[in-house]
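Me: Please take a close look at one part here, the aromatic side chains. Then set that part against the rest of the chain.

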Amino acid sequence: MASSTIKPGILVTLQELDSSSPYYQHGASLRVTGKLQKYSIENAIAVISDGGASLKIDTKHLRDLNFRVGSIYQFIGELFIHPDNDAILQARIGRNVDGIDLNLYYQSLKLLRQFEEDQKRDQATSSS
């Protein structure tokens with residue numbers, strides 16, 4: 001019997017999701033945050049944006065989440081890239097994060113990545 005493992009959503013900014021990014025991979029489990037630009041109730045597709053970048057979010061598996069254009073949302077899910085290089089995140093978790101300080105959030109993300117790089121470097125030097 002095969003076990004199914006849910007991967008954690010890697011924290012990424014919308015600006016980091018371009019075709020040359022290491023995060024831009026079909027099936028990648030990601031966590032993204034952005035302002036809701038539009039939402040279609042008919043097909044359950046939301047579009048979030050931040051810093052000039054945007055991403056489509058498929059929300060059909062989400063329950064009890066009220067969408068308000070202009071509010072800030074965070075989604076965790078898997079990235080699907082269509083043959084035309086158009087990407088959509090199949091959300092498994094979504095939440096409204098109005099009130100979040102996005103500048104502070106992105107500063108903490110930068111510090112987290114710096115810490116992880118330092119840890120990798122320290123492990124590489126200690127195992128040599």
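**The aromatic rings**

Reply: Tyr73 and Phe75 are both buried, where buried means under 20% relative accessible area, exposed over 50% and partly exposed in between, with a 1.4 Å probe and protein chains only. The model is predicted, so local features need pLDDT of at least 70 and side-chain atom pairs 80 or more, while totals for chains, interfaces and linings use all residues. Residues are numbered from 1 along each chain as its sequence is written, and side-chain values use heavy atoms, without hydrogens and water.

The structure contains 5 aromatic pairs. Rings of Phe, Tyr and Trp (its six-membered ring) pair if their centres lie within 6.5 Å; planes under 30 degrees apart are stacked, over 60 edge-to-face, and the rest tilted. One of the pairs joins Tyr39 to Phe67, stacked at 4.2 Å centre to centre with 20° between the planes. This pair ties together distant parts of the chain: Tyr39 sits in strand β2 (residues 29-40), Phe67 in the loop between β4 (53-58) and β5 (72-81), 28 residues apart. Tyr39 is partly exposed, at a relative accessible area of 29%. Tyr73 and Phe75 form another stacked pair, with 6.2 Å between centres and 20° between planes. Tyr39, Phe67, Tyr73 and Phe75 together make up one aromatic cluster.

Helix α1 (residues 102-126) has 25 residues and should span 36 Å at 1.5 Å a residue; its end C-alpha atoms are 36 Å apart, which agrees. The expected span is 1.5 Å times one less than the number of residues. The buried residues of α1 are Leu102, Tyr105, Tyr106 and Leu109. An α-helix has 3.6 residues a turn, so residues three or four places apart point the same way. The cover over the buried residues of α1 includes β1 (10-11), β2, β3 (45-50) and β5.

Over the whole chain, 38% of the 128 residues count as buried. Of the contacts (heavy atoms within 4.5 Å) with a separation of 6 or more, 53% come from residues 24 or more positions apart. The C-alpha trace spans about 55 × 45 × 30 Å along its principal axes.

Methods: Helices (H or I, at least four residues) and strands (E, at least two) are DSSP runs, numbered from the N terminus.
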